[in-house]
Amino acid sequence: MFRPLMTTLAAASTLILPALAQSRTLSMSTALKDYGGDGAYLAVYLTDASGAYAGTLWVAGGKAKYYKHLADWNRLSAGDARRLDGVTGASVGAGRTLKVTADLADALLDAGYEIRIDAAVENMRDSPSEIRVPLTAADAGKPHTGRQYIQSFTYQLQ
Amino acid sequence: MTWRLVHRWLGLVAGGVAMVLGVTGAILAWNPVRDTWQAAPTPADLPVSVLVERVSAAIPAVEEIRRLPAGELVVYSFDAGEARAQVVDPADGRVLRDYRPSPVSRWVKNLHRSFLLGDAGRLAAAGFALAMLLLSVAGLMLLVRRLGGWHRLLAPVRGSLVQRIHVVTGRVVLVVLCLSSLTALYMSAATFGLIPTEADDEPDVVSAAGRQADLPGGQLPLLQGLRVQDLRKLSFPAGADPEDTWTVATAHGQGWIDRRSGQTLAWQDAAVVQHIYDWIMLLHTGQGVWAWALVLGVAGASIPLFWGSGLILWWQARHRTPRIVDNSALPQADVLIFVASENGTTWGFAQALHAAFVRNGHRVHSSGLEHFRAGAAARQIFVLAATYGDGQAPAHAALALARIARQPVTAAPVTVLGFGDRQFPAFCAYAEAVDQALRTEGWARLLPLEGIHQQSAQQFARWGEALAQALGEHLVLDYRPRVPPSTALKLVSRQDYPGSAGEPTTILRFVWPARGWKDRLAGRGLPRFVAGDLLGVLPPGSSVPRYYSLASGYRDGFVEICVRKQPGGVCSGHLHGLKAGEYIQAFIQANPGFALDGARRPVMLIGAGTGVAPLAGFIRGNVRRTPMHLYYGTRDPALDFYFGPEFQGWLGERRLASLHTAFSRTPDGGGYVQDTLRRDAARLRELISQGAIVRVCGSRPMAQGVTQVLDGILGAIDLSVQQLKARGRYAEDIF
């Protein structure tokens, strides 16, 4: 499958970018509510204007057997064999904040793309597409609240 | 062989952490019990579709329904920007309360499975589960060996209180602990993805596009056919996603339903791996099966008891193993001492023997029996062998017999001294086996095999005298048993009997000083005791106690013993010289194999001479009026009919059901105590077949005579004294 024009964690970027000069850094901050449960599994990913999967930005939580609880991301990204390459970390505890960055091609900005986050916690209900935020210059810096686990999600462009 | 080592070291190293796992496990096991208690009952065969109707009517914007293992129904919804979780009553869909899992339970659970340390902690916990499994298996093997084989696994346990606590709790919970450790390992492997727990692939289905409205959950055929008691999870289709489906999971499988047509898009039966995992979860957590959860809780809570008693046993055994000073190398030694001892007690005797030879200028070498070998310089060889349980070799000497058979025979004689306990059917059986093996090989011996009962210092000293005589050298065995702290007891009264053959006898009654609560806490002063326990008396100027069977219990408020004056006896002479108001130094030694356990079964008491004392104690303490029958032989009612008037009184109070006496020195006295048994044979058989227990106290020849007669009587009902002993129903106190 064609892997779209972006990659993650500036330092770990491995993906094809047409021109590095035309990219910028996307910094995302995801603060979790104190939901009273074990560490949350989160999948942060991009969808394009048609709602199709466009790439994974970050997956918090290391055990693949639980990924089916991140239902939307798991379904949409099923065809992407490299969806986990260089973008995984530990699960995020209740009340904690996850901060990650990714390199982003300029072409993706204001082009109908969305940042989505699926969340799941052991023995609590799954929360697919808990966050859906358009990837636009105007939305940068605005906090968004999730339905279940996410207190606020904000992204910055540099 | 090495089970004991495995058990000891794993217990010491991993036991403390295993205790954390056990206690947290016991706390967690309470959850299924409490949840089952709290859960509103699910009506039998209630269709899931009806539940969906009821819940949808009561709660707007339902997203998911979960049925927890204990039967609670949790409904997740998202309404007006707020995510909610509520517990509903399945009978009417009514909201009972908000669902809030306890943070304490979650904390305890994380402590239990990962020590709050994430994946590293999970790995460690799995390691300790493996240690627990090995510890339990080793414990089981030791238990089987101690009791004398798998078929005796349910036989009564004898030994000290701590030993019995350790062994009895072991017998009860070992199997559960094995199971808990095994299931824990399986769950760890599943968590780390080494074992699959569900089918990998789920069908890729979506609701067909269309313009018609969603079908209500109550009209879905699949949900109409599923019962709420089998439900695990039902996810409603998300409002925003036109392709989303209903998803339902039960114990049997998972189904997907089109949101508009209501058609079942796919059904997937639960994979075998999932059924296995469900069972493993159930066995480990007890979720949904509160009675099993209780069993698990008790097993978990028993681990501290196990660990504590195990530590005490280890500590005791460690302190019983003395260090041998002046141990010469084997090739140079002219005296060799080989020891087989399960718990280290026999080493104390070896040490005394070793020291006595060293004092006489010998070069002495002592070591374990597994090292048996005769050096060129060896002139005398001794084997001190303890018997464990039903006649097995102590663990470290398991291969000693084979080794003895391989060694070249030399001219040095090998003398065997056995240690054991007559309460066990196979008294000194291992020492006999060693002696037999040596003679078969052709080794000479200096003294015939002797068996020391209950680490008797006197018997050991007598053997030492025989040894000195045989060797022709002066040899003093200075064995000092560890004497427990003694208490001063005051003589309050005595009853003198002229006795026969010029051996006066007296029944002495003492009282103990009052104990404050501080003394009780510190364990000072006289501990609680029961009739049949032993009173260790320290005569002035001696550190070697003499033991007398107690004819009273703590509840009687006094200590009573029956003492016959031995010609030249230091202790009996001292006791016979006591006047009321004078004191002795004494302590209590428990005699658990002999004392009655309080079971309400008929009791047959057989005693002769002063041996009647503990039996009188049993009858005196028989406040529950258990049927007790006393067979009592003595010489002459005028000279030595101890406790005679008391027995008459106790018969009247029904503490004693029947009294059968024999007086051997009076015409028509009825002969010996064995004769009273023969005369009452028919009833004896009846009592024994009713489950009666037997206690015999007296001299060794008397006890042997009783065994012979009883074997004759019980043969008619296919029983023997040996069998009764093996079942813990027959015990002797022999002096």
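Mentor: What follows begins with the helix, moves on to the salt bridges and ends at the interface.

This is a predicted model, in which local features need pLDDT of at least 70 and side-chain atom pairs count only at pLDDT 80 or more, whereas totals for chains, interfaces and linings use all residues. Residues are numbered from 1 along each chain as its sequence is written, chains are lettered from A and ligands numbered from 1 in the order in which they are written, and side-chain values use heavy atoms, with hydrogens and water left out.

The helix to look at is α2 of chain B, residues 48-58, whose buried residues are V48(B), S49(B), L51(B), V52(B) and V55(B). Because these residues cover an arc of only 155° around the axis, they sit on the same side of α2(B). Helices here are DSSP runs of H or I with at least four residues, strands are runs of E with at least two, and both are numbered from the N terminus. Buried means under 20% relative accessible area, exposed means over 50%, and partly exposed lies in between, with a 1.4 Å probe and protein chains only; the arc is taken from the directions that lead from the helix axis to the C-beta atoms. An α-helix has 3.6 residues a turn, so residues three or four places apart point the same way.

The buried residues of α2(B) pack against β1 (62-67), β2 (73-79), β3 (82-88), α6 (221-225), β5 (231-235) and β6 (246-250) of chain B, where contact means heavy atoms within 4.5 Å. S49(B), which is found in this helix, counts as buried because its relative accessible area is 4%. Leaving aside neighbours within four places in sequence, S49(B) is in contact with G217(B), G218(B), L223(B) and Q224(B).

Turning to the charged pairs, a salt bridge is a side-chain nitrogen of Lys or Arg within 4 Å of a carboxyl oxygen of Asp or Glu, and the structure holds 39 of them over all chains. One joins the side chains of E64(B) and R66(B) at 2.7 Å, N to O; E64(B) is buried, with a relative accessible area of 3%, and R66(B) also counts as buried, at 13%. Another pairs D230(B) with R227(B), the closest N and O atoms being 3.1 Å apart. Here D230(B) is buried at 18% relative accessible area, while R227(B) is partly exposed at 34%.

E732(B) forms a salt bridge with K725(B), with the closest N and O atoms 3.5 Å apart. Elsewhere, salt bridges that share partners join D38(A), E122(A), R106(B), K109(B) and R113(B) into one network. Within this group, the side chains of R113(B) and E122(A) meet in a salt bridge at 2.7 Å, N to O, and across the interface of chain B and chain A the rule finds 10 salt bridges.

The contact takes 20 residues from chain B and 15 residues from chain A. Together the two chains bury about 1,600 Å², 33% of it on carbon and sulfur atoms, buried area being the accessible area (1.4 Å probe) that two parts lose on being put together, summed over both. In chain B, E63(B), R106(B) and T191(B) lose the most area to chain A, together 25% of what that side buries.
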